[in-house]
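Here is a short report for a reader meeting this structure for the first time. Look it over, then read on.

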Number of protein chains: 2
Amino acid sequence: MKTYSERTADELKAILAEEKEKYEQIKALGIKLDMSRGKPSKEQLDLSKDMLTCISENADCYDEAGTDCRNYGSLAGIPSARKLMGDLMGAPADQTIVCGNASLTIMFDTVARGFTHGFAGNTPWAKLDKVKFLCPVPGYDRHFGVTEHFGVEMINIPMKSDGPDMDLVEQYVNNDPAVKGIWCVPKYSNPQGITYSAEVVERFAKLKPAAPDFRIFWDNAYGVHIITENEDPRDDLANILERCEANGNPDMVFVFASTSKITYAGGGISAFASSKKNVEEMLGHMTYQIISHDKMNQLRHVKFLKDIDGIKAQMQKHAALMRPKFLLVDEILKKELDGLGICSYTLPRGGYFISFDAMNGCARKIVNMAKEAGLVLTGAGASYPYHNDPDDSNIRIAPSLPGLDELKKAADLFAVCVKIASLEKILENR
Amino acid sequence: MKTYSERTADELKAILAEEKEKYEQIKALGIKLDMSRGKPSKEQLDLSKDMLTCISENADCYDEAGTDCRNYGSLAGIPSARKLMGDLMGAPADQTIVCGNASLTIMFDTVARGFTHGFAGNTPWAKLDKVKFLCPVPGYDRHFGVTEHFGVEMINIPMKSDGPDMDLVEQYVNNDPAVKGIWCVPKYSNPQGITYSAEVVERFAKLKPAAPDFRIFWDNAYGVHIITENEDPRDDLANILERCEANGNPDMVFVFASTSKITYAGGGISAFASSKKNVEEMLGHMTYQIISHDKMNQLRHVKFLKDIDGIKAQMQKHAALMRPKFLLVDEILKKELDGLGICSYTLPRGGYFISFDAMNGCARKIVNMAKEAGLVLTGAGASYPYHNDPDDSNIRIAPSLPGLDELKKAADLFAVCVKIASLEKILENR
């Protein structure tokens, strides 16, 4: 089989005509699909049914310590929920704060605190001329959205197969005091599904930041979110809190997680973990912001998930629903695109996405063509700060939400769009 | 009956000795009571039992529009919850945003936005030399905590019987561009239980602020929280949103409310209402901070409370539990303190508190004495910015949490403390 580049212009034109016909046929079907976000499917949400009824009586509303979860109090969360979320994040319960429905809110609020009050007695960022964040790319669009919202200058750090390019990270962090943070999704990263290697984690923990208030924003959003049946040893993420402490940097990392993709995206709980000192500092801010987060929902989660083993059992059920979807997309993309020399992607072992790299200059076109035919993908460029993918090549595919039938249609359509955009690009350059 | 001031020093000393003996007797009982916060009682929380089971099946998790509340989406809240909370706040649903467990968080975040981004295109407050807020006193300590946390200069505005001293408010707001906000609890105010008169509301709506980004922070925390059996016509609060719009100031007010004292303080929903323009601006910030608040809890509230009439019916049940407590405290205080000329208070028609004014210079002493005997009251001075009650006279009494037996003990102890502190103060000045 020849790659497209090896073919003559006439051959390419013939293929293009064929693919365009296919595209028009699919378009005529009037499909309407949204694969723009990593949303759990109905079947995944149904897995948490017992959480609806695990508190049914007034007498059920008390935690183990006898606290009435219906009333005010417990700023840091109920102890059993702190334990549960701490275990999920690799943090002791007393270094874990349980919050509301969205870890994104904790991250936003943490950046906001950096601006309004600063960390550990350092100058509030609002009073500095310039604040910079490192952004491993491609990455999570909402992270970049937060820092863009606060006017932070974002610097792209290329992702390698085992994590961010640490030579670059060290160069920036250890030399530029304006670099105050880095966004990390260390396990099954959004969008590539990469888990940072032990070596990468160790290099993070050993950073010697030029800024005393530099913080690693460690968003462990997919810490237990396997797709494969068993966890691969490569995905056994090193404990950043422990490594930072062991390397004399106990306060350098903020860890975030949530149950959005364990129980309910629209009714979960989230958590923050860090050193005792940082947790105390955060509570010192939070005490002005809230009396307590929703303790009833914390209690519901504890009663339903029970412990870290309960969480892992729940994630096996999610994986069983997710796996066929990822395999189907992989199968179709392989069948349609393999050997054409126009793209690359890796089937991830966990997380929510397939990170697809088209030929340079094609991503935007592919996403637009898909949209015209009824398939909404994540906007091209979304995985980069300022929505600017310098190569215009990365597309995030989110297969979790649709059923298999719909997913097949979507993947077929996607493959056709990739082919057309690639063919036109190659012909353009001939 | 003579007031204490009319008595001779010897008489006062004799009474003091008697009261001190009573104090020691009560102290010996080893009571342990917390009346520091306006916490609902167990019986009040039990009223919302049906909210625990109104979503029991996967099929129950959809709102009227068919949205799966378990999943991501609906930044501003589900439509039925926006309608419910809008009706509670006197705002159209499309001018209402439903948030998480605590309206305090919305207020904090709103002030934070003023600092980091500013309102309506005006300079972010963080970039100004001075930001001032007006604080009707006595008022809600957590309001003052928020603005103190952000370094705002707080200016005391005396409360009159129908609301804040509007002459002073107008003088500050209409002349000083550094005055960016005012904290208001317009109905059954914390702590006095005062409802702003229609005239006061109208004068608010007619303000001509020197600062284009001046905002009224209208915390309608007790909008439906009656204690009496029926609402008094004086408590029919004018609609500030409508009045501001009618007076050409549509964007001048932010309205806040929650169900913390309607359903669960530890598992309720909160809401923000304002002009369409302001709501759009807020959503523009929120979209970086959260994907959606807990929609499951929003749906639970809609299913349980149904509509504004459902809310009012629920509040009748609360009132039936609250009323005997307020009447008991009133009865004891009347019996023990009436006619002694050492204090004043008003039995409120709604809200959560009795605002008690002791003789100047006595509040701190009374609170400390009560604490030593096992009764924790709200810290003296808490109802004032910087915890500084210039007269050291105001004490907030929160009778909602204890049972009647405990409350009787607490009120007896409180009365003794008031007498002792007053006697000592009078004797000091003889």
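T96(B) stands opposite A273(B), a residue of β9(B). The model is a predicted one: local features need pLDDT of at least 70, side-chain atom pairs count only at pLDDT 80 or more, and totals for chains, interfaces and linings use all residues. Residues are numbered from 1 along each chain as its sequence is written, while chains are lettered from A and ligands numbered from 1 in the order in which they are written.

β2(B) and β9(B) pair in the antiparallel sense over 4 bridges. Strands here are DSSP runs of E with at least two residues, helices are runs of H or I with at least four, and both are numbered from the N terminus. Two strands pair if DSSP finds at least two bridges between them. Strand β9 (residues 270-273) of chain B also pairs with strand β8 (residues 253-258) of chain B, again antiparallel and over 4 bridges. In that pairing, V255(B) stands opposite A273(B).

In a regular strand the side chains alternate between the two faces of the sheet. From β9(B), S270(B) and F272(B) point one way, and A271(B) and A273(B) point the other way.

## The whole sheet

The open sheet in chain B has 8 strands, with mixed pairing. Their order is β2-β9-β8-β7-β6-β3-β4-β5. β2 (96-99) and β5 (163-164) of chain B stand at the edges with a single partner strand each, so one side of each lacks a neighbour in the sheet.

Helix α3 (residues 79-89) of chain B packs on this sheet. The helix touches β2, β8 and β9 of chain B, and its direction makes about 110° with that of β2(B). Touching rests on contact: two residues are in contact if their C-beta atoms, placed from the backbone, lie within 7 Å. Axes are lines fitted to C-alpha atoms, for helices over the stretch in contact, and angles run from 0 to 180 degrees between N-to-C directions.

## Helix α3 under cover

How many of the residues of α3(B) are buried? The count is 9 of 11, so the helix is mostly covered. Among them are R82(B), K83(B), L84(B) and M85(B). The buried residues pack against β2, β8, β9, α10 and α11 (308-337) of chain B. Just after α3(B), G90(B) takes a positive phi of about 70°.

## Where the chains meet

45 residues of chain B are in contact with 45 residues of chain A. On the chain B side, α2 (42-46), α4 (103-116), α5 (141-149), α9 (276-289) and α10 (295-305) each supply at least two residues. α4(B) gives the most, with 6 residues. By class, this side has 20 nonpolar, 16 polar and 9 charged residues. Ala, Val, Leu, Ile, Met, Phe, Trp, Tyr, Cys and Pro count as nonpolar, Asp, Glu, Lys and Arg as charged, and the others, Gly among them, as polar.

Terms used. A residue is buried if 20 or more other C-beta atoms lie within 10 Å of its own, exposed if 12 or fewer, and partly exposed in between; C-beta atoms are placed from the backbone.
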